[in-house]
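Please look through the sequence and the model below, and then follow the paragraphs one element at a time.

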Amino acid sequence: MSILQANFYSDSLNRQTAFSAVIPMGSKKPLKTLYLLHGLGGNFMDWLTCTRIAYWAYGRNLAVIMPSGDNSFYLDNEKALAMYGDFFGRELVEATRELFPLSDKREDTFIAGLSMGGYGAIRTGLKYHKTFGALAGLSSALVTEDAVNFTNATPTIIGRRSYFESVFGDLDKLSGSDKDPKKLITELKSTGADIPAIYLCCGTEDFLIQHSRDFHSFLEAQGVPHTYAECAGDHNWEYWDANILKVLEWLPI
């Protein structure tokens, strides 16, 4: 197994960007790959330093790519010349497939993340459904319906309206846009497109639990097959370390 760090120039982001990678060695066939996204305030080292993902990936002959997404919610930002949505949905996949012996098959390509990265994995996996065969959101920050009610009075960034306007744009137009996972689901259903396999989980003590419950109920109402799991846990690495293993056990690897 190799653990690597790489920098390359991204045309989507218009700058150098970094990622970490776990690459099993000696495989005689292209590797199945998990793109793993961090949460707000994190970077490309989070999953490596805070979980046992490298050990578990090695035992499953799974490549794991862990990029930096800044605090972008993994969305395009034309004003900042930073097209994060295009980067994670297309450019990063293309670049890593050139660098490493990764499978180019949809059924071998997965995306997952925690908190902000949980939203990013869900939105990216649905919008780029021809690339990803499965997606997983852990403690996902599915804030598209709540954001319109945010103000600048909150002392923390996670609820500050100005921050969410910087990543989502006009909050009054967020619900029902292509940044809204529910809208993406209904569009995929209406066109008969293949919806990626979906895994959702959240700790019962997590402040974001209601977002996961609401999206789970929406998927049930839409008749979209998915796996949903709750267990004791908070918004922390103890929970994510334990539950990324459950994601790996769920993935077809």
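Two strands count as paired if DSSP finds at least two bridges between them, and the elements themselves are DSSP runs numbered from the N terminus, with helices (H or I) of at least four residues and strands (E) of at least two. This is a predicted model, in which local features need pLDDT of at least 70 and side-chain atom pairs count only at pLDDT 80 or more, while totals for chains, interfaces and linings use all residues. Residues are numbered from 1 along each chain as its sequence is written, and side-chain values use heavy atoms, with hydrogens and water left out.

Strand 9 (residues 197-203) pairs with strand 8 (residues 134-138), to which it runs parallel, through five bridges, and one of the bridge pairs is Ala 136 with Tyr 199 in strand 9. Strand 9 also pairs in the parallel sense with strand 10 (residues 227-231), again over five bridges, where Gly 203 has Cys 231 as its partner in strand 10. Six of the seven residues of strand 9 are buried, meaning under 20% relative accessible area with a 1.4 Å probe, protein chains only.

Turning to the helices, helix 4 (residues 116-127) and helix 6 (residues 181-191) pack at an angle of about 25°, with their axes 10 Å apart. They are therefore roughly parallel to each other, a term for angles under 35 degrees. In the contact (heavy atoms within 4.5 Å), Tyr 119, Ile 122, Arg 123, Leu 126 and Lys 127 of helix 4 meet Pro 181, Leu 184, Ile 185 and Leu 188 of helix 6. These contact residues divide into seven nonpolar, no polar and two charged.

Key
Axes fitted to C-alpha atoms, helices over the stretch in contact; angles between N-to-C directions. Parallel < 35°, antiparallel > 145°, perpendicular 65-115°, else oblique. Nonpolar A, V, L, I, M, F, W, Y, C, P; charged D, E, K, R; others polar. Buried < 20%, exposed > 50% of the residue type's maximum accessible area, 1.4 Å probe, protein only.
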